[in-house]
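Hi there,

Have a look at it first, and then read on.

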Amino acid sequence: MAAISFFGDLLQTISERGRDLIGIGRSDITGRASASELVKLCEDLISRRGEASGVALARLILDRYASFGQTERHAFLRGIALDFDADHAAVDEAIAAYRADPTRARLGTLHEAAEPRSQELIRRLNLARGGTLSLVRMREDLFDLRKALRTGAEADPAVLDAVDSLDSDFEHLFASWFNRGFLVLRHIDWTTPAHILEKIIRYEAVHAITGWDDLRARIEPPDRRCFAFFHPALADEPLIFVEVALTDQVAPAIAPILSRERKPLQPRAATTAIFYSISNCQKGLAGVTFGNFLIKQVVEDLTREVSSLKTFVTLSPVPGFAAWLARERRADSPQGLLPEDVEVLRALDDPDWHADKARAETVRKALIPAAAAYFLRAKNERGRPLDPVARFHLGNGARLDRINFLGDTSKKGLAQSHGLMVNYLYDLAAIEKNHETYANLGTVAASPAVTRELRAKLPPPRAVVLAEA
């Protein structure tokens, strides 16, 4: 970390001297500029050859962008998307040259010509101290702009196309900057600096952490672990973290794991590691894969630390299930329910259905087969499971091992999945095979216990064309 600090100080020195080279004083740094003026500064940035002046100008642009409100930020991003395209005339010329002489050199010239100027701009902005984090936050604003354009009454296709292309530029560069070779795995415990622990509380996306006592109960006991990936350019900003419970059996519900009254288990008695919460921390890094590397690295570390561990499973939410089931119940010809199931599941309209044991058991007999249909038959337009958590774990080579009725009876759990949770099993001997069959054929690896729940009399599956869940 000392080397990183030294490099940051060096960049700061370059930036300070660079301001003199481009005639920028400290008062200018805090001044305001319109979005169009900032776009012009970006033109200046990518035309400069000097490193020091480029670092200073990049920092100036990012500082002024940070001072903008949402309207100005969106105007700036629209300007960059529209004005920093590739040179189409140069692309046409390079295509013609390649067709006349199809060599690797000509292909390289074509590749260079086809690259949007916005990619070079992003690279130049990244030279500034703190530039990487600023660009991650800028992409978050770009997501907001894309959403606003898509929901607007008069969406301009040309603007949408340009903004989508700009987002692809960010994702392409981030995938290189945040590849696995640069990531650092850290064990998060009660001795971790407070400012990082505060971010763990804030970024927890699966089971909310209610405060410091709740956090302590999750990371301090001997049978609990938390690991996070960090990147040198983002210093103390976690990228993704996972919470793990060391147990002597596969848990079917989340409440006992989160209970503060439970008796901690000594690690040497643990046979099972349960990944019960995985949270992505940086919205601006959407599309950049971290989770598969995180799980595999944590499995390796835990295996070395606790030799008695033999089983690695998740206890996962099912965020798309309630929405899918609601559509099925309304459909004239449901694909995952029989008519008698539709009738039984009317009980779900009562928010307290789960409190009545007899009624809950009746619902269970229809809900579990419906969940089996959801996981094994319901697909998106790409032929993959509708559920985003399922796509993540199945893509990593896990197996859908068990569907747990009323595994999460919190308000959130009942709303998103009628209380269902599932266990995905990471069988180290089968991960590669499961991954390959899923990637190549879309096959959902599932245990016999899950496949047996699928109703035999369902209609033949048909293609389901839906937006990503």
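The charged end of Arg384 sits over the ring of Tyr438, 4.9 Å from the ring centre. Such a contact is counted if NZ of Lys or CZ of Arg is within 6 Å of the ring centre and within 35 degrees of the ring normal. Arg117 is placed likewise over the face of Phe84, with 4.6 Å to the ring centre.

Before you go further, please keep in mind that this is a predicted model, where local features need pLDDT of at least 70 and side-chain atom pairs count only at pLDDT 80 or more, while totals for chains, interfaces and linings use all residues. Residues are numbered from 1 along each chain as its sequence is written, and side-chain values use heavy atoms, with hydrogens and water left out.

Now for the overall picture. The protein has 21 helices and seven strands, taken as DSSP runs numbered from the N terminus (helices are H or I with at least four residues, strands are E with at least two). Its C-alpha trace spans about 75 × 55 × 45 Å along the principal axes. Of the 469 residues, 48% count as buried; buried means under 20% relative accessible area, exposed over 50%, and partly exposed in between, with a 1.4 Å probe and protein chains only.

Next, the aromatic rings. There are twelve aromatic pairs in the structure. Rings of Phe, Tyr and Trp (its six-membered ring) pair if their centres lie within 6.5 Å, and planes under 30 degrees apart are called stacked, over 60 edge-to-face and the rest tilted. In one of these pairs, Phe178 and Phe290 have ring centres 6.4 Å apart and planes at 75 degrees, so the pair is edge-to-face. This pair joins distant parts of the chain, 112 residues apart: Phe178 belongs to the loop between helix H10 (157-177) and strand S1 (184-187), and Phe290 to the loop between S4 and H14. Phe178 counts as buried at 1% relative accessibility, and Phe290 counts as buried at 4%. Ring pairs also link both of them with Phe170, Phe174 and Trp177 into a cluster.

On a 1 Å grid over the protein atoms alone, a pocket is an open set of points where a 1.4 Å probe fits, with protein on both sides within 12 Å along at least five of seven lines, and lining residues have an atom within 4 Å of a point. The lining has 43 residues, and the closest to the pocket centre are Asn280, Pro388, Val389, Arg391 and Phe392. Two or more lining residues come from each of helix H9 (131-151), strand S4 (272-280), helix H14 (291-305), helix H18 (388-395) and helix H19 (411-417). By type, the lining divides into 19 nonpolar, 16 polar and eight charged residues. Here Ala, Val, Leu, Ile, Met, Phe, Trp, Tyr, Cys and Pro count as nonpolar, Asp, Glu, Lys and Arg as charged, and the others, Gly among them, as polar.

Six of its eight residues are buried, so H18 is largely enclosed by the rest of the structure. Those buried residues are Val389, Ala390, Arg391, His393, Leu394 and Gly395. At the N-terminal end, Asp387 caps H18, with a side-chain oxygen 3.2 Å from the backbone nitrogen of Val389. Just after H18, Gly397 takes a positive phi of about 100 degrees.

Strand S4 includes Ser279, which is buried with a relative accessible area of 0%. The Ser279 side chain reaches the backbone nitrogen of Ala205 at 2.9 Å, a polar contact (a pair of N or O atoms within 3.5 Å; within protein, one must be able to donate a hydrogen and the other to accept it, and residues adjacent in sequence count only if both atoms are side-chain atoms).

Two backbone details to finish. Leu406, in the loop between strand S6 (399-404) and H19, has a positive phi of about 55 degrees although it is not a glycine. Leu406 counts as partly exposed at 21% relative accessibility. His418 also has a positive phi of about 55 degrees without being a glycine. His418 lies in the loop between H19 and strand S7 (421-425), and counts as buried at 12% relative accessibility.

Best wishes
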